[in-house]
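Please open the model in a viewer and keep a selection tool at hand. The stops below are given in the order in which they may be selected.

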Amino acid sequence: MNLRNSSLFIFALASIFSCKSTSQWEGQGPIQIIETVDKPISIQEKQTFDAGDGVFFSNEFNGARLNRVDRLNDTLIQITILPENEPINPSPWYAFKIWSEKPEDFWIQFSYGGIGFHRYFPKSSLDGVNFSNVDSLDFFQPESEERRPEMAFLKVESSLDTLWIAAQDKVGTDHVQDWKNKVLAHDFVELISIGESKHGRPLEILKIGNSDDKAMLMVISMQHPPELTGFLAMQAFIEGICSDSPQAIKFRNKYNLYVMPQMNPDGVSNGHWRHNAGGIDLNRDWINFNQPETKALAKFMEYKVQETGGKFIFAADFHSTWEDIFYTNNEELEGNFPGLIPKIIKRSSKRIPDYIPNIRPNEGTQRSVTSNSYFFFVHQAESMTFEVGDNTPRDIIRMKGDYLADELMKILNKKTFR
Ligand SMILES: [Zn+2]
């Protein structure tokens, strides 16, 4: 099949599936309590795949995910991406590089072994650092019910120069480290090591502020490895707190904010879809604390409270999903500053034209297995999980993170905790 024919084939395939109209994202259903003791994971074999005709694929870099390559015909190459273990949320992360001995045009067919569904719009890069969306004309994804296409097709032009393809704009753990170093350059920021991940990577917190720890804030992100957009919102939020505005300076003299930007470094580094190196969804381990990452953070927070006699008044956990959504605590239950979270969400959202935030307060009154629940029920910290859309424009993500920090500082600067 030549290239023209394979394009027609894909057009035909895409048109078989009907479009589904979109309504407001209703968020996830109730969270089940699951066992969180270690489960085996399969580590992908790092290698270069020979796809024939002088075309090569590789997963030999930090953050890569690619398990198999099969040439289906002259112009169609199937790649298979598999999860670290099962059962798993079927949202595959992928990242790989391609090169060829001579310039070649061909199609890649993404396949997920019947386990996953194509979720992330592909990004490409010529240096492995700066990624941008591929041309939408080069990407086809059959429409399906409940956003669950089992395969997707991407047209690539390869050459001797390496081309990187990935599920999100940043890959691996280096960009997180670079950003932490940038934040650490401020004289009011300190690095705190709280332990090691299962594979021995450092678990690190940044302490931001010059206060006495009587009233503390906690921010975390990237419990789930592919969720970069949550990380981007967290970055903007933290950069707002670190700014040199009079408001931020006042805030840092009154409060200390602790941030753990990357909860799951092993998962990110190994290109996991969701779990840590113990094969567990970390955001289901906030009661059992069987995993080193969750255990270290809870120990740190409980130690801070004991050491200082202070308390956590606010906590936020940043994630990604289909569309922006805030999960908040049951509004009938009161933490250390009732009403704080709905107020900052509403005030910050008003500053963005035509944006009505999707807020889902928890209806339960019992502690559950998530970070959000741990922060609220154990520490009485007013807490939220902010899930940022996979495709939310990056400038809007920045605005949302920045305005949330701004409105939070405005309110907390007027308040005194004893
Ligand atoms: Zn998540």
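Begin by selecting D406 and K410, whose side chains form a salt bridge with the closest N and O atoms 3.9 Å apart. Both residues belong to helix 9 and are separated by 4 residues, about one turn of the helix. K410 is partly exposed, its relative accessible area being 33%.

The model is a predicted one, with a mean pLDDT of 93 for the protein and 93% of residues at 70 or more. Residues 1–22 are a stretch with pLDDT below 50, and this stretch has 24 contacts in the model beyond near neighbours in sequence. Where pLDDT is low, predicted coordinates should not be read in detail.

Next, select R394 and D169. Their salt bridge brings the closest N and O atoms to 2.7 Å. R394 lies in helix 9 (residues 394–413), whereas D169 sits in the loop between strand 11 (163–166) and helix 2 (174–184), so the pair ties together parts that are 225 residues apart in sequence. R394 is partly exposed at 25% relative accessible area, while D169, at 15%, counts as buried. In the model as a whole, the salt bridges number 18.

Now centre the view on the zinc ion. Which atoms coordinate the zinc ion? The donors are ND1 of H224, two OE entries from E227, and ND1 of H319, at 2.1 to 2.5 Å. Along the chain these donors follow the spacing H-x2-E-x91-H. H224 is found in the loop between strand 14 (215–221) and helix 3 (228–241), and H319 in strand 16 (residues 311–321), so this pair ties together parts that are 95 residues apart in sequence. H224 and H319 are both buried.

Among the 4 donor atoms they run from 55 to 147°, and the site of the zinc ion is irregular. For comparison, the ideal angle for four tetrahedral donors is 109.5 degrees.

R274 lies in the loop between helix 5 (265–269) and helix 6 (292–308), and E227 in the loop between strand 14 and helix 3; the pair links distant parts of the chain, 47 residues apart. Both R274 and E227 are buried.

Terms used: Residues numbered from 1 in each chain as written. Predicted model: local features only at pLDDT ≥ 70, side-chain atom pairs only at ≥ 80, totals over all residues. Heavy atoms only, no water. pLDDT = per-residue confidence, 0-100. Contact = heavy atoms within 4.5 Å. Donors = N, O, S within 2.8 Å, 3.2 Å for Na, K, Ca; no water. Tetrahedral: all angles 85-135°; square planar, octahedral: opposite > 155°, others 65-115°. Helix = DSSP H or I, 4+ residues; strand = E, 2+ residues; numbered from the N terminus. Buried < 20%, exposed > 50% of the residue type's maximum accessible area, 1.4 Å probe, protein only. Salt bridge = Lys/Arg side-chain N within 4 Å of Asp/Glu carboxyl O.
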